[in-house]
Amino acid sequence: MITTVTLNAAIDKTYYVDRFELGKVTRVPKMHALPGGKGINVARVIHLLGESSLATGFIAGSNGRFIEKKLTEQGISHDFVTIEGESRICLNIIDRSSGESTEILEQGPTAAQMDQTAMEAKVKELAERSGILCFSGSLLAGVPTDFYARLIATAKSAGAKVFLDTSGDALLAGIEAVPYFIKPNEDEVAKIIGHPLEKESDLYDSVQGLMERGIACVVVSLGENGSLAGVEGQLYRVKAPRIEAVNTVGCGDSFVAGMAVGVARGLPVEECLRLATASGSANALTEEAGNVRLDDVQRLIAEVSIELL
């Protein structure tokens with residue numbers, strides 16, 4: 001089983017509008033509302049790829065109950081820690097006239113100390129019966145910067161392999177606990193190493209340096225140009241298929257899901273990277289964040305190009 005942890009779970013609402021103009025009334029002819037937050041997106045795609053997944057994290061209020069209800073309807077197992085307040089709503093407004101996407105993200109509830117203690121216990125319990133734990137997304141209010149690092153240590157001590165996909169100070173603290181997998185972008189790599197990336201070789205050296213620190217798999221997102229992956233000391237340049245994107249929100253989460261599924265299945269490195277990249281691209285072909293069609297994934301796998309560096 002692959003468990004995903006979403007500390008700041010959400011209802012993801014995607015609005016498709018004919019034209020989005022500031023200061024004007026905008027009517028929404030089409031809308032999707034789904035359980036969201038990065039880890040929940042990962043859990044959904046893992047499920048769609050045919051593997052067993054379980055979603056945990058913090059939920060609160062009526063929005064939290066909606067998240068649980070919809071996950072149950074989708075056939076996704078869940079075991080959340082319920083706290084006071086109200087889980088957030090995240091809006092993605094897609095302007096059909098321009099193709100532009102505007103995201104509006106609420107902050108979410110606050111986790112008290114007793115909530116954090118309950119989450120550590122939950123992670124320990126689930127790690128003992130999960131091959132992989134994926135920690136994804138932002139920290140919510142009240143949680144210290146090193147909380148992911150604490151949870152990673154807990155999961156690793158229980159024998160689970162840990163994926164971490166976050167940013168900012170939470171990422172800097174989290175990598176100190178040496179997860180198995182991280183997925184920073186170029187700006188985040190620069191922050192990790194403490195200086196700008198002035199040339200392409202700087203990025204290669206940075207990924208090698210992170211692997212030397214014990215992080216077995218480092219994937220640097222390069223947007224539509226694919227990614228640079230370092231796995232067990234070897235570098236790979238991964239080029240994504242060319243597609244006409246419908247909605248790019250959730251592509252990174254789908255990549256993480258594909259990578260987790262590949263690792264869980266014991267696939268060779270290049271096959272893991274192909275599955276992850278195809279899953280990320282397939283997400284962009286759907287209107288909903290954190291959603292793929294298996295036929296798309298299987299078709300796109302053959303279009304992923306991987307170069308050993």
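The model is a predicted one, in which local features need pLDDT of at least 70 and side-chain atom pairs count only at pLDDT 80 or more, while totals for chains, interfaces and linings use all residues. Residues are numbered from 1 along each chain as its sequence is written, and side-chain values use heavy atoms, with hydrogens and water left out.

Let's start at helix α6, which spans residues 186–193. Helices (H or I, at least four residues) and strands (E, at least two) are DSSP runs, numbered from the N terminus. Within α6, Glu 188, Val 189, Ala 190 and Ile 192 are buried; buried means under 20% relative accessible area, exposed over 50%, and partly exposed in between, with a 1.4 Å probe and protein chains only. The cover over these buried residues includes α5 (168–175), α7 (200–212) and β12 (217–221).

Both ends of α6 deserve a look. At the start, a side-chain oxygen of Asn 185 comes to within 3.1 Å of the backbone nitrogen of Asp 187. This is a polar contact, that is, a pair of N or O atoms within 3.5 Å; within protein, one must be able to donate a hydrogen and the other to accept it, and residues adjacent in sequence count only if both atoms are side-chain atoms. Just after the helix, Gly 194 adopts a positive phi of about 90 degrees.

Now turn to the helices as pairs. Two packed helices are described by the angle between their axes and the distance between the axes. Here axes are lines fitted to C-alpha atoms, for helices over the stretch in contact, and angles run from 0 to 180 degrees between N-to-C directions. For α5 and α6 the angle is about 55 degrees, and the axes are 10 Å apart. That makes α5 oblique to α6, since angles under 35 degrees count as roughly parallel, over 145 as roughly antiparallel, 65 to 115 as roughly perpendicular and the rest as oblique. The crossing of α5 past α6 is right-handed; a crossing is left-handed if the near helix is turned anticlockwise from the far one by less than a right angle, and right-handed if clockwise. From α5, Gly 168, Asp 169, Leu 171, Leu 172 and Ile 175 meet Glu 188, Lys 191 and Ile 192 of α6, where contact means heavy atoms within 4.5 Å. By class, this contact has four nonpolar, one polar and three charged residues. In this scheme Ala, Val, Leu, Ile, Met, Phe, Trp, Tyr, Cys and Pro count as nonpolar, Asp, Glu, Lys and Arg as charged, and the others, Gly among them, as polar.

A second pair is α1 (residues 38–48) with α8 (residues 251–264), packed at an angle of about 50 degrees with axes 8 Å apart. These two helices are therefore oblique to each other, and their crossing is right-handed. Lys 38, Asn 41, Val 42, Val 45 and Ile 46 in α1 meet Asp 253, Ser 254, Val 256, Ala 257 and Val 261 in α8. Sorted by class, the contact has six nonpolar, two polar and two charged residues.

Next, the loop between α5 and β11 (181–182), which holds Pro 179. Pro 179 counts as buried, at 1% relative accessibility. Not counting residues up to four places away in sequence, Pro 179 touches Ile 152, Val 162, Leu 164, Gly 174, Gly 214, Ile 215 and Ala 216.

Most residues other than glycine have a negative phi, and most peptide bonds are trans. At 25% relative accessibility, Val 178 counts as partly exposed. Glu 232 also has a positive phi, of about 50 degrees, without being a glycine. Glu 232 is found in the loop between β13 (227–231) and β14 (234–239) and counts as exposed, at 59% relative accessibility.

Two buried residues complete the tour. Asp 202 is found in helix α7 and, at 13% relative accessibility, counts as buried. A polar atom of the Asp 202 side chain lies 2.9 Å from the backbone nitrogen of Glu 198. Ile 306 lies in strand β15 (residues 305–308) and is buried, with a relative accessible area of 15%. Leaving out residues up to four places away in sequence, Ile 306 touches Tyr 236, Arg 237, Val 238, Glu 270, Leu 273 and Arg 274.
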